[in-house]
Amino acid sequence: MMGQAPGAPADGALDHVVINVLRRMDEAADLFAALGFRLTPRGHHSLGSINHLMMTAGPYLELVGVPETGPQRQDVLDSPFGLNGLVVASRDADATHARLAALGLAAGPPVAFSRPVTVDGREAAARFRTVRVPADRFPAGRLYHCEHRTPDLVWRPEWLDHPNGFSGIDALTIESPAPEADAALYAAATGTAAEATGDGWTLRLGETRVAIVPGPAARFAALTLRFRGLDALEARAVALPEAAWVRHGPEAATLTLPAFDLRLPCRAAP
């Protein structure tokens, strides 16, 4: 197995979070680019999905969808629109599968796939292996583990500098009608511990906090993003009719993108 690249999340940390845009990839990519995110070139997975990434030195944000024609990835078509994928880093997909299988939480054996990527003028294949958990046990959104076989083709310095200062993912908030029971499931699936908090349960995937709080239905409710400052993002957000921007102070704001059912609290941290 190939080793992790510098900056790639450690085993058990958050690898990335997925926004499912289905067949609206052009619209989504244009919106996030207008907000000042640097998007990687469009990827075409061998499984029948397309994507753009918004990279940081650690976990990243992914737009995923399906092409208009050709093979179309069924698990993307079947999964919720908007914020819907929590992906945990794995150094060894086989070991991750064995651990989950022992807990009764493996949906199937590791799945290998790839996508072409051009780096320094040459084309190569970014390769991955993923392990999924049973979808019916985690109705809020997809949860799976990802082993990067070629991390050097994903964490590239030219993709880390965002005009809006995007630098990390701080927290994911999951609403649940049964937060205590779901917290135990998420803890088991991610190999971490859940702690009771004032209004729910919290677990940590590396430096990212996952909060499981009471709600009328299971869903990924909000994703907190970190920026070097908020002024650059604000200047772009207030100019876009597709975005709603509320500033809460020098270091906090909320960005809402109704077309993609996204609530994105934003935090400034140098």
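The model is predicted: local features need pLDDT of at least 70, side-chain atom pairs count only at pLDDT 80 or more, and totals for chains, interfaces and linings use all residues. Residues are numbered from 1 along each chain as its sequence is written, and side-chain values use heavy atoms, with hydrogens and water left out.

Six elements of domain 1 each supply at least two residues of the side that touches domain 2: β1 (14-22), α1 (25-34), β4 (60-65), β5 (82-89), α3 (93-102) and β8 (142-148). Helices (H or I, at least four residues) and strands (E, at least two) are DSSP runs, numbered from the N terminus. The most comes from β5, with 6 residues. By class, this side of domain 1 has 28 nonpolar, 7 polar and 5 charged residues. Here Ala, Val, Leu, Ile, Met, Phe, Trp, Tyr, Cys and Pro count as nonpolar, Asp, Glu, Lys and Arg as charged, and the others, Gly among them, as polar.

The domain assignment gives domain 1 (13-159) and domain 2 (166-268); the bounds come from an automatic or database assignment. The contact (heavy atoms within 4.5 Å) takes 40 residues from domain 1 and 33 residues from domain 2. The C-alpha centres of the two domains lie 19 Å apart. The domains bury about 3,000 Å² between them, 81% of it on carbon and sulfur atoms. Buried area is the accessible area (1.4 Å probe) that two parts lose on being put together, summed over both.

Between domain 1 and domain 2 the count is 0 salt bridges. A salt bridge is a side-chain nitrogen of Lys or Arg within 4 Å of a carboxyl oxygen of Asp or Glu. The structure as a whole holds 16 salt bridges. One of them joins Arg-267 and Asp-170, with the closest N and O atoms 2.5 Å apart. Arg-267 lies in strand β16 (residues 262-268) and Asp-170 in strand β9 (residues 166-176), so the pair ties together parts that are 97 residues apart in sequence.
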